Amino acid sequence: MPAARLAPSRRLVYRTRAWSTGVELMVTDPSCLVGATTILHDEIERMDLLASRFRAHSEISRVNRGAGSEVRVSAGFVELMAVADRVARATGGAVDPTVGAALCRLGYDRDFAAIADGVVGELPSPAPVAGWRSVEIDVVAGTVTIPPGAALDLGATAKALTADRVADAVARRLGCGVLVSLGGDVAVAGSPPPEGFSVGVGTHWSETDPPVAVSIRSGGLATSGISARSWRLGRSVVHHLLDPMTGLPVAPCWSTVAVAASSCVDANAASTAAVVKGASAVSWLESLGLSARLVAVDGSVSLAAGWPDDDAVTGPESGASR
Amino acid sequence: MAQLTPATAASVNRRAKARRDAGLNRLSTATRSVGVATVVVAGLLAVYLGRAFPGHHATSSAAAPASAGTSVSAGTSASSTSTATSTGSASSAGTTGSTSQSITPATQPPARATTPPVVSSGVS
């Protein structure tokens with residue numbers, strides 16, 4: 001892991017990198033920072049051993065290699081699968097853990113840094129993924145079975161769950177307010193600063209001057225979109241958010257969708273599902289009471305369920321937008 | 001005043017035997033009732049827990065993909081009972097994600113920030 005550095009400011013933000021993206025940790029009490037970074041790195045390593053498709057000996061790799069047969073897994077992996085199952089169920093299958101094989105067909109079968117410059121190949125024909133309901137989890141025996149030819153990808157859930165766990169553990173064990181951001185998937189816990197945790201919302205997680213900033217006091221905030229983690233596949237440009245019905249990148253509708261929810265897992269599930277759902281996303285988010293900011297591919301902005309107005313709002317859509 | 005006839009040893013034994021038999025009968029009835037009640041309560045508790053933690057419903061590998069939009073019934077199979085155990089242990093292990101089956105909003109919606117952002121949320 002690259003060397004980490006402390007930001008030279010009184011905000012006490014610890015920054016490092018993992019999973020081809022940036023990791024940021026902020027605590028409200030300076031004396032908690034060292035302990036918090038230890039918790040952060042332990043949890044990232046733990047999750048990596050469970051859910052990295054690119055580590056040969058991770059549990060997800062063993063399950064994918066054993067597709068078609070029962071694979072014994074740890075309690076931690078069963079728990080992760082239970083979260084992925086809940087997310088799939090709650091999003092009506094829009095966020096599906098069985099998109100792994102489809103991502104591999106698009107060339108995303110190794111760390112993203114290795115494919116960022118493009119891969120050789122052609123866009124495959126549409127084919128639905130195996131589907132989350134085809135995954136069998138035997139909690140008592142501690143086994144997971146996926147259909148032959150299927151592969152899991154838990155990227156959508158694992159990163160957000162890690163942020164939630166780190167924030168929860170830091171607040172509980174060290175007793176301070178904390179913000180954790182894993183590539184823009186943000187979780188907060190403990191007592192927030194009086195003004196709340198200020199989070200910029202932009203196109204890319206590393207933006208230094210995001211167009212919007214909101215204050216959150218609990219739960220999580222996540223942004224999904226098609227404007228990053230895209231690569232060239234032969235003559236096509238593809239990205240990592242797939243439609244489970246086709247196994248191909250979702251049709252462009254929203255460039256980015258930011259959602260605040262009761263946890264980072266829920267925020268990430270909702271923001272990812274919104275990108276997949278396309279035009280129906282605003283009404284879906286409204287029906288769940290989830291505050292969200294959606295930026296269409298033409299740059300227009302829609303807001304849902306009480307997301308605060310901002311100067312950049314120009315929007316096209318229904319009553320929820322402006 | 002009428003004179004009381006002293007009970008013979010035989011009649012005393014008969015009465016004692018009758019009382020013992022009646023007591024044993026009551027005890028037997030009580031034991032059967034407790035047994036039946038235990039089975040009924042255990043059954044009701046199993047049904048309640050099955051519904052409280054619907055969990056994952058195992059299906060065959062030939063099942064339709066989720067995106068096809070078919071629904072999954074919660075709860076009566078052995079696998080769903082198993083997953084109830086998982087859900088419970090996941091919570092006790094400190095999972096901070098919502099244990100609700102749906103996605104839930106934050107306690108407080110985001111507000112316009114009054115200070116510069118500490119971090120940015122964006123696509124990664």
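In which sense do E4(A) and strand E6 (residues 143-145) of chain A pair, and over how many bridges? The two strands pair in the antiparallel sense over two bridges, where pairing requires that DSSP find at least two bridges between the strands. Helices (H or I, at least four residues) and strands (E, at least two) are DSSP runs, numbered from the N terminus. Within this pair, Val71(A) stands opposite Val144(A) in E6(A).

The model is predicted: local features need pLDDT of at least 70 and side-chain atom pairs count only at pLDDT 80 or more, while totals for chains, interfaces and linings use all residues. Residues are numbered from 1 along each chain as its sequence is written, and chains are lettered from A and ligands numbered from 1 in the order in which they are written.

The pair belongs to an open sheet of three strands in chain A, ordered E4-E6-E5, with antiparallel pairing. Strand E4 (71-72) and strand E5 (136-138) of chain A each have a single partner strand and stand at the edges, so one side of each is left without a neighbour in the sheet.

Pairing also links the chains. Strand E10 (residues 212-216) of chain A and strand E1 (residues 111-112) of chain B pair in the antiparallel sense over two bridges, with Val214(A) opposite Arg112(B). The contact between the chains takes 88 residues from chain A and 47 residues from chain B; residues are in contact if their C-beta atoms, placed from the backbone, lie within 7 Å. Helix H3 (residues 75-90) of chain A supplies nine residues, the largest share of the side of chain A that touches chain B.

Turning to the helices, H6 (residues 155-174) of chain A has 20 residues and reaches 28 Å from its first C-alpha to its last, close to the 28 Å expected at 1.5 Å a residue (1.5 Å times one less than its number of residues). Of the 20 residues of H6(A), 17 are buried, that is, with 20 or more other C-beta atoms within 10 Å of their own. Gly175(A), whose phi is positive, near 75 degrees, follows H6(A).

The axes of helix H7 (residues 264-277) and helix H8 (residues 281-288) of chain A come within 8 Å and cross at roughly 145 degrees; axes are lines fitted to C-alpha atoms, for helices over the stretch in contact, and angles run from 0 to 180 degrees between N-to-C directions. Ala270(A), Ala274(A) and Lys277(A) of H7(A) make this contact with Ala281(A), Trp284(A) and Leu285(A) of H8(A).

Notes:
Contact = placed C-beta atoms within 7 Å. Buried ≥ 20, exposed ≤ 12 C-beta atoms within 10 Å, placed from the backbone.
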